[in-house]
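Morning, everyone. I'll take the overall picture first, then the side chains. Please have the structure open on your screens.

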Amino acid sequence: MEHSHTEQHEGGGTKEIWKVTIILTVLTIVELVLGFWMMDMPLQSGLRLAVKGAIVILMMVKAFYIVAYFMHLKHEIKNLIMTIVVPLALFIWFIIAFLYDGNSFKNLRNTYDPHYKEQSTIKVEKKKEHKSGEHHSEEHAKPSEEKH
Amino acid sequence: MSSTTTVTPTKMWNGGKSPFNVEYGKLMMWYFLMSDAFTFGAFLISYGTIRFSSNGWPDPNEVFKSFPFAPEGMNAPLVFVSVMTFILIISSVTMVLAVHAGHNMDKKGVVKYMIMTIIGGAMFLGCQAWEWNHLYHEGAWWGSNPFLNHDGTASSTNFTNYFFTITGFHGFHVFSGVIINIIMLIMALTNKFEERGHYLMIEKAGLYWHFVDLVWVFVFTCFYLI
């Protein structure tokens, strides 16, 4: 604690600023390369999921560098760092709970609402005016059901 | 017991000293940014929940594939948004340099880097205005989604609703950040900080500006990349 008192507003010289700039630029370029690489992958493949995970990790690393060095939090004293960072740990629970909930809602609907599941598998033609795409598919689907 | 009391003579919370060792305004800026982080977090988690509960979702590389002044039908996914991302990162860097110049009481440096930061923010806002305008003319807006899902099925309006709400909220933060930076520039030019003897206000504006960049890191990843 005494140590951080003496050097609280040092750190953050121009050298550090340029170092962090280069790190952020490189991380962004890596993210973009992963994004381009991901484009041709099949939708449900495990590799695509892994690349998305890697992009999220890179995003967290970028966030760390911005908060720690640009916002100078790393050079503040421990009390302040803890006051800011510990409440944000709630996000860990938020993200897990809500995404799990969304996924569970999808599975429940697909299991118990066959109409919803069928609707979400109907392919629509490309390059339609807004909303007309949905109408067309419904118009085509309904008469054929009635005839059969 | 006696040895621990002699080792910790600081008595951090006994009064008489600043437990956070930052000035009041800066601490309050941190608290505000924390609450703002929860607001953005709530938006993005809500977006994630809806996306996880949907059977299909539009392909961002299909939606965001255009570039200003590009010929019709050009396919350039991720290019324009990477330009926007770099603009914001660079303007964040010039902001740190302005704060750094403020530490050294270098008025000229503060003015120079604040002008660069403001230009960066204005460029970002211009890019976003172009993108919104382009998407609007493709038929995308709140409540209307002309894009199809990745697998060719009809898409709901959730995608456009979340996109315009969250990038709009972020864009409004950028806009207010530019206004704050302009006020800081005027205060620096009129020697307000020289009279006070410190440039701490630049630091507070800088915290806000970096936060805007930080949020863009998340928005960029969640909407354009994955």
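Start with chain A. Of its contacts with a separation of 6 or more, 53% are made by residues 24 or more positions apart. Contact here means heavy atoms within 4.5 Å.

Some ground rules. This is a predicted model, where local features need pLDDT of at least 70 and side-chain atom pairs count only at pLDDT 80 or more, while totals for chains, interfaces and linings use all residues. Residues are numbered from 1 along each chain as its sequence is written, chains are lettered from A and ligands numbered from 1 in the order in which they are written, and side-chain values use heavy atoms, with hydrogens and water left out.

What is chain A built from? It has 7 helices and 0 strands. From the N terminus on, the order reads α-α-α-α-α-α-α. Helices are DSSP runs of H or I with at least four residues, strands are runs of E with at least two, and both are numbered from the N terminus.

Chain A has 148 residues, and 31% of them count as buried. Buried means under 20% relative accessible area, exposed means over 50%, and partly exposed is in between, with a 1.4 Å probe and protein chains only. The chain exposes about 9,900 Å², and carbon and sulfur atoms supply 65% of that. Those areas come from the Shrake-Rupley method with a 1.4 Å probe; for residues, only the protein chains shown count as cover.

Now confidence. pLDDT is the predictor's confidence in each residue, from 0 to 100. Chain A averages 81, and 76% of the residues score at least 70.

On to salt bridges. The rule is a side-chain nitrogen of Lys or Arg within 4 Å of a carboxyl oxygen of Asp or Glu. How many are there over all chains? The structure holds 5. Look at Lys26(B). Its side chain meets Glu76(A) at 3.5 Å, N to O. That pair crosses between chains, from helix H2 (residues 24-52) of chain B to the loop between helix H3 (46-70) and helix H4 (78-88) of chain A. Lys26(B) also forms a salt bridge with Glu203(B), the closest N and O atoms being 2.6 Å apart. Glu203(B) lies in helix H8 of chain B and Lys26(B) in helix H2 of chain B, so this pair ties together parts that are 177 residues apart in sequence. Together, Glu76(A), Lys26(B) and Glu203(B) are linked in a network. Are these residues buried or exposed? Lys26(B) and Glu76(A) are buried, and Glu203(B) is buried too.

Stay in helix H8 of chain B, and find His210(B). His210(B) is buried, with a relative accessible area of 2%. Which residues does His210(B) touch, leaving aside its neighbours within four places in sequence? From chain A, Ile66(A), Phe70(A) and Met71(A); from chain B, Ser92(B), Met95(B) and Val96(B).

Next, aromatics. Rings of Phe, Tyr and Trp (its six-membered ring) pair if their centres lie within 6.5 Å; planes under 30 degrees apart count as stacked, over 60 as edge-to-face and the rest as tilted. By this rule there are 37 aromatic pairs over all chains. One of them is Phe163(B) with Tyr224(B): edge-to-face, 6.1 Å centre to centre, 75° between the planes. Phe163(B) lies in helix H6 of chain B and Tyr224(B) in helix H8 (residues 200-225) of chain B, so the pair ties together parts that are 61 residues apart in sequence. Both are buried.

Last, a backbone point. Most residues other than glycine have a negative phi. Asn21(B) has a positive phi, near 60°. Asn21(B) lies in the loop between helix H1 (2-7) and H2 of chain B. Asn191(B) also has a positive phi, near 65°. Asn191(B) is in the loop between H6 and helix H7 (192-196) of chain B.
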